[in-house]
Amino acid sequence: MSDKKCSEPETNDCVMPVRSANPIRARSLIRDNLEKQAGCLNLIHSRMPNIKVFSGTSHPDLAQRIVDRLGIDLGKVVTKKFSNLETCVEIGESVRGEDVYIVQSGSGEINDNLMELLIMINACKIASASRVTAVIPCFPYARQDKKDKEFSAKQYTSRAPISAKLVANMLSVAGADHIITMDLHASQIQGFFDIPVDNLYAEPAVLKWIKENIPEWKNSIIVSPDAGGAKRVTSIADRLNVEFALIHKERKKANEVASMVLVGDVKDKIAILVDDMADTCGTIVHAADRLVEAGATKVYAILTHGIFSGPAISRINNACFEAVVVTNTIPQDGHMRDCPKIQCIDVSMMFAEAVRRTHNGESVSYLFSNVPY
């Protein structure tokens, strides 16, 4: 009985042959194809390791939106406190060799959430994760980025801490390999890190909201409530092809504005106040009153991080805003229930796309001027 060999499919892929009547030949083909498969898998994993996304307790809704966009499940993690209020974190699945992303925003109980993030980073790092990326939509302590000036009757003193640098050091020491954040209060905070930092911008989403929700946006003027935000508003004004103005303010002390001077003509125009964050909202409420006094027909406020602490909600309710628009870098459900003027822009798709591009080794700069749909 003559030996007959079954035809073998011609392909360049890592595919097992069907069979061979010659056992030696069959074993050789199986071994060759297994080696090819192993080579293919090693190439894929070395270039794009598996991904795991975990959420801290500060903003689980945003983390869920991110993984829904990515088409994966949220990683299992249990966070609890001992009776002495120490934070305990247990990662509920293997992260060995994985590309790990931890979503934790600087909101709510900021100190507890920051400590929780540090512990989660360290837990993943010592569990042999290949890379740990901290996704921090609102960076904590970002306003403490330099020494403040304090003048006394006799001498100049400056003993304020640079807490943003301290937070950067803590994240690096905990084991973070990469940071993804949005609209840092001061862009130079990126220089506080010795690891890569991707500072995303809410500007593309803001432009989209303005064009879709303000019918008369071509007759608008973009206003910065302080001199520090001039670069931000000029960029938005240029892309909308409208004018811009700014308000120069002087503070007696933190969260208390002494005087405001408007630079620019807002008469008979729709004024759109743009800032990176609003805390007690004293500044933007005073700015809105100043704009109305100067002849603005309507006033909108668009803010990336709506912190809204202390009397912020009552101030907004009593102010002359048509709408106060914020992103969901910080949870806003409670604020929106208490204040009907607050509207929210979902930026989860920008973080999801940043995670996807980082994971695949692609450029993130596309997100600086475009909203991923």
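**Exercise 1.** With which side chain does the side chain of S163 make a polar contact?

*Solution.* The structure is a predicted model, in which local features need pLDDT of at least 70, side-chain atom pairs count only at pLDDT 80 or more, and totals for chains, interfaces and linings use all residues. Residues are numbered from 1 along each chain as its sequence is written, and side-chain values use heavy atoms, with hydrogens and water left out. Start by locating S163, which is found in helix α4. Next, list its contacts (heavy atoms within 4.5 Å): leaving aside neighbours within four places in sequence, S163 touches Y141 and Q144. Finally, the side chain of S163 makes its polar contact with the side chain of Q144, at 2.6 Å.

**Exercise 2.** Decide whether S163 and V299 are buried or exposed.

*Solution.* Buried means under 20% relative accessible area and exposed means over 50%, with partly exposed in between (1.4 Å probe, protein chains only). S163 has a relative accessible area of 11%, and therefore S163 is buried. V299, which lies in strand β14 (residues 298-306), is at 1% relative accessibility, so V299 counts as buried too.

**Exercise 3.** Work out how helices α3 and α4 are oriented and which residues join them.

*Solution.* Helix α3 (residues 110-126) and helix α4 (residues 163-174) pack at an angle of about 25 degrees, with their axes 8 Å apart. That angle makes α3 roughly parallel to α4, because angles under 35 degrees count as roughly parallel. The contact is made by residues including L114 and L117 of α3, and V167 and M170 of α4.

Technical notes: Axes are lines fitted to C-alpha atoms, for helices over the stretch in contact, and angles run from 0 to 180 degrees between N-to-C directions. Helices (H or I, at least four residues) and strands (E, at least two) are DSSP runs, numbered from the N terminus. Angles under 35 degrees count as roughly parallel, over 145 as roughly antiparallel, 65 to 115 as roughly perpendicular and the rest as oblique. A polar contact is a pair of N or O atoms within 3.5 Å; within protein, one must be able to donate a hydrogen and the other to accept it, and residues adjacent in sequence count only if both atoms are side-chain atoms.
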